[in-house]
Amino acid sequence: MRIRLASPGLALLALLPGMASCGVQTVDAIRDLSAIHDPNDWSPRSPAQLSVPPEVYLTDRPVRTGGPGVFEVEDHRELEASILSFLGGTQRDSPALVLETSSWLAVELLHDDYPEARVQAAAILSSFAGYWIEEQGVRLDHLAEGNSHDGDFSGALTDFMSADDERDSDGRAQALARLAHLPLPGDAATIRALAGVGRRLGRMPLRADNEPQAFRFALRCVLSFLRAGSQDRDPTVAEACRVRLGLLESHAIRP
C-alpha cells in the first residue's frame, strides 16, 4: 500500500530542525557518516574510525566522551539516524558547509540500504533548499532538464577550479553562475562536483554578494537528487521525494 504524505509548507521545509549541538563539528560528522559505511557499496561498516564515541551522537549525557578512535557500531541504523539529524542542523547560509553536507546527504538518499534513512536524507535536503528559496531568495530561471553530454558542465567546473586556484573571486562567481544554469551530468558526477565546490569554498569563502550563485547551483543539484529519489524502489521513499520536489519546484522556478 502506498503511503500518502501530507504536503508540508515551504516555510516548514526551511525550518526543519536538526539535532542540538553535541560538540561535534559538521566536517567531523560528515566523516563519521562516511566512516560507518563501506566506501565501495555504502553498506554498514563496523568497527569504524569516528571523531567521537557513538554515544556522543546518541545521548545528551554520554558515558564516554573524547575521541577520535575506533569504535564498534552496535546499532548502525540508530547511529546513522542520529548523525543525519545532527547534519540537519548544518548552517544553511554557509555555502562551504551546506554544499558539502548536501553532497553526502545525496549519497545517503541514492545509495543507503535503509528506506527510513533515505527519507530522512530527502527531508534534510529539502529543508536546505527551502531555506535557500525562502530566506535567501534563490530562484531558478528554468530546470535545465536532462544530462549534460557536451562538456559544458565539465568546462564550467574546470573554470571554477582554475579561478579558485588563482584566487579570482569574479571568475569563481561567473563559473558558479554557469554551473547553476547548465544541465547537470549524472548523479555521481553531480555529487562529486557539489562536494568539490563546497570544499573549495571552505578554503576561500565567497564574497557575500556572490553567495547566491553557490546556493543556486546547490538548489539545482538538490532538485536533481530529489527527482532521482522519486524513482526509488521503495514507494514511501519515492513519494517523500515526489512531494518535496513538487513543492520546491513550485516556488523555485521563476514564472
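Visitor: Asp159 first. Is Asp159 buried, exposed or partly exposed?

Guide: Asp159 counts as partly exposed, at 36% relative accessibility. Keep in mind that this is a predicted model.

Visitor: Which side chain does Asp159 meet in a salt bridge?

Guide: Arg178. The N to O distance is 2.5 Å. The pair links distant parts of the chain: Asp159 is in helix 7 (residues 152–165), Arg178 in helix 8 (residues 169–179), and they are 19 residues apart.

Visitor: And how accessible is Arg178?

Guide: Arg178 has a relative accessible area of 38%. Buried would need under 20% and exposed over 50%, so Arg178 is partly exposed.

Visitor: How many salt bridges does the structure hold?

Guide: Twelve.

Visitor: Which residue pairs with Asp164 at 3.0 Å, N to O?

Guide: Arg203; the two side chains meet in a salt bridge. Arg203 lies in helix 9 (residues 187–203) and Asp164 in helix 7, so this contact ties together parts that are 39 residues apart in sequence.

Visitor: Which residues are linked with Asp164 and Arg203 in a network of salt bridges?

Guide: Asp165, Arg172 and Arg200 are linked with them in that network.

Visitor: What about Arg207? Which residue does Arg207 form a salt bridge with?

Guide: Asp209. Their closest N and O atoms are 3.2 Å apart. Arg207 is partly exposed at 38% relative accessibility, while Asp209 is exposed at 55%.

Visitor: Switching to patches. Which residues form the negative surface patch?

Guide: Glu72, Glu74, Asp75 and Glu78 form that patch.

Visitor: Where is Asp75?

Guide: In the loop between strand 2 (69–71) and helix 4 (76–87). Asp75 has a relative accessible area of 40%, so it is partly exposed. A patch residue needs over 30%, so Asp75 clears that cut-off.

Visitor: Now helices. How far does helix 5 reach, end to end?

Guide: 24 Å from its first C-alpha to its last. Helix 5 covers residues 95–111, which is 17 residues. The reach is close to the 24 Å expected at 1.5 Å a residue.

Visitor: Is helix 5 mostly covered or mostly open?

Guide: Mostly covered: 14 of its 17 residues are buried.

Visitor: And helix 6: what span should it have, at 1.5 Å a residue?

Guide: Its 20 residues (115–134) should span 28 Å. The end C-alpha atoms are 28 Å apart, so the values agree. Helix 6 is mostly covered, with 15 of its 20 residues buried.

Technical notes:
Residues numbered from 1 in each chain as written. Predicted model: local features only at pLDDT ≥ 70, side-chain atom pairs only at ≥ 80, totals over all residues. Heavy atoms only, no water. Patch = residues over 30% accessible without salt bridge, like charges linked within 9 Å, V, L, I, M, F, W, Y side chains within 5 Å. Areas by Shrake-Rupley, 256 points an atom, 1.4 Å probe, with all protein chains shown as cover. Salt bridge = Lys/Arg side-chain N within 4 Å of Asp/Glu carboxyl O. Lys, Arg positive; Asp, Glu negative; His and termini not counted. Charge placed at Lys NZ, Arg CZ, Asp CG, Glu CD. Helix = DSSP H or I, 4+ residues; strand = E, 2+ residues; numbered from the N terminus. Buried < 20%, exposed > 50% of the residue type's maximum accessible area, 1.4 Å probe, protein only. Expected span 1.5 Å × (residues − 1).
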